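User: I would like to learn how to read salt bridges in a structure. Could you take me through it step by step?

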Amino acid sequence: MKQLNIGIIGAGRIGKIHAENLIRHPQARVVAISDLFAGPELNEWAAKRGIPAVTNNSLDILDNPDIDAVFICSSTDTHVPLIKSAAERGKHIFCEKPVSMDLQQTEEAIEAVRRAGVQLQVGFNRRFDHNFKRVREHVRSGAIGDTHLIKITSRDPEPPPEAYIKVSGGIFMDMMIHDFDMARFLSGSEVEEVYAQGSVLIDPVFAAYEDIDTAIVTLRFASGALGVIDCSRKAAYGYDQRVEAFGSLGSSKAENDYPNTAVLTTAGGVQSDKPLHFFLERYSTAYIEETDQFINCLLHGEKVPVNGQDGWQAERIARAAKLSLREGRPIKLSELETSIEGL
C-alpha cells in the first residue's frame with residue numbers, strides 16, 4: 001500500500017492537531033516536525049506519537065527528499081516563502097489560512113505552485129463539517145430552488161489575548177475569513193460586492209489596534225443572491241456557529257453542535273446544554289476529514305477540494321470588508337485592483 005511521507009512546519013496548537021490526525025491515516029506517515037522553539041517538550045510529545053525527527057529549522061523538512069508533502073502551520077508571515085520553497089522542491093502543500101495578509105503575495109504563492117505542478121490545499125476546515133456539507137448538498141441539488149439568501153452566524157466564546165490581536169490582521173482576515181469562504185461554498189457563486197459595519201463593544205483593546213470585535217457584513221453574489229454574516233468575538237453561552245440557505249422552494253439550515261441533545265423540561269423551565277465551547281470541539285471531525293481528503297487526493301492524483309484560488313478569493317472579500325468599514329460604503333471586489341495599497 002502506497003504511503004505518503006509528511007513533514008509539519010509549526011508545532012503550535014493547530015500543527016499538533018494535524019499531526020494527530022495524520023497519524024490516524026493508514027497511508028500517511030509523519031516523518032518530521034519543525035518549530036522555532038523545538039525543545040525537550042516537543043521531543044517528548046513527538047516520541048510518544050512515533051514521529052522520528054524534531055527540528056527547529058524548517059529547511060530540514062523542505063530539503064528532505066523523502067518527504068512528499070508539507071503541512072505549513074507556522075505564523076501567517078511565513079506562509080508565502082514556505083509555500084514557494086516547498087513548491088520549488090516538488091512537495092505538495094497544505095497551508096493554514098490565510099495564505100497571507102497581502103493579495104499580491106498570495107498570488108505569487110499560487111503562481112509558484114502552478115509552475116511547480118504541485119498541489120496546494122488551504123485550511124478552510126469548516127467546509128468539511130458534517131452539518132455545513134449537508135446544507136451545501138441541499139443547495140447544489142436544487143432542493144431549496146434558486147438561492148436567494150445565505151445567512152451565517154459566527155461568534156467565539158472568548159476574545160483572543162492582546163498579543164494575538166496585535167498580529168491577527170483584524171477580525172475580517174483572522175476570524176471572518178472562514179465565513180467568507182463558507183459564503184462562497186454554500187452559495188456556489190462568487191461575491192461581487194461587500195458592505196461592512198462594525199463596533200468595539202466587548203473590549204477597548206481592539207480599538208487600540210484599529211480593529212473591531214463585533215461586525216455585520218452583507219454580500220451580493222454574482223448570481224444576484226444576498227448574504228448576511230454576523231460576527232462577534234464573545235458569546236457568553238459558547239461557540240455559536242450557524243448557517244442557513246434560503247431559496248425559492250425552501251430553506252436548509254445547520255444549528256450548533258451540542259455535547260448532547262437531551263432537554264430537561266419541568267415546571268421550573270426547560271434546560272439543555274450550551275453549544276460546544278470552542279472550535280477544537282466543534283470542528284474536531286472536520287479537521288480529520290480535511291486531512292483525509294488531502295492525503296487521499298494526493299494518493300489518487302485528484303485535485304484537492306480547497307485550493308489556493310479559494311484562499312485568494314476569501315482574502316479578497318476580507319480586504320473589501322476592511323475597505324468598506326474604513327470608507328463607510330459598499331465595495332465592489334473589482335475595485336480592489338486599484339484600492340488595496342496601504343490596507
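Analyst: A salt bridge is counted when a side-chain nitrogen of Lys or Arg lies within 4 Å of a carboxyl oxygen of Asp or Glu. Side chains of opposite charge can pair when their charged atoms come close. The model here is predicted.

User: How many salt bridges does the structure hold?

Analyst: There are 23 salt bridges. One of them joins Arg 126 and Asp 179, with the closest N and O atoms 3.2 Å apart. Arg 126 lies in the loop between strand E6 and helix H6, and Asp 179 in helix H9, so the pair ties together parts 53 residues apart in sequence.

User: Is Arg 126 buried or exposed? And what about Asp 179?

Analyst: Buried means under 20% relative accessible area. Arg 126 has 8%, so Arg 126 is buried. Asp 179, at 2%, counts as buried too.

User: Which residue meets Arg 49 in a salt bridge?

Analyst: Arg 49 pairs with Glu 20, at 2.6 Å from N to O. This pair links distant parts of the chain: Arg 49 is in the loop between helix H2 and strand E3, Glu 20 is in helix H1, and 29 residues separate them. Arg 49 is partly exposed at 28% relative accessibility, and Glu 20 is partly exposed at 30%.

User: What does Arg 329 pair with?

Analyst: The side chain of Arg 329 meets that of Glu 327 at 2.8 Å, N to O. Arg 329 is partly exposed at 29%, as is Glu 327 at 40%.

User: Which residues are linked in a network of salt bridges?

Analyst: That network links Arg 127, Asp 181, Arg 184, Glu 190 and Asp 310.

Technical notes:
Residues numbered from 1 in each chain as written. Predicted model: local features only at pLDDT ≥ 70, side-chain atom pairs only at ≥ 80, totals over all residues. Heavy atoms only, no water. Helix = DSSP H or I, 4+ residues; strand = E, 2+ residues; numbered from the N terminus. Buried < 20%, exposed > 50% of the residue type's maximum accessible area, 1.4 Å probe, protein only.
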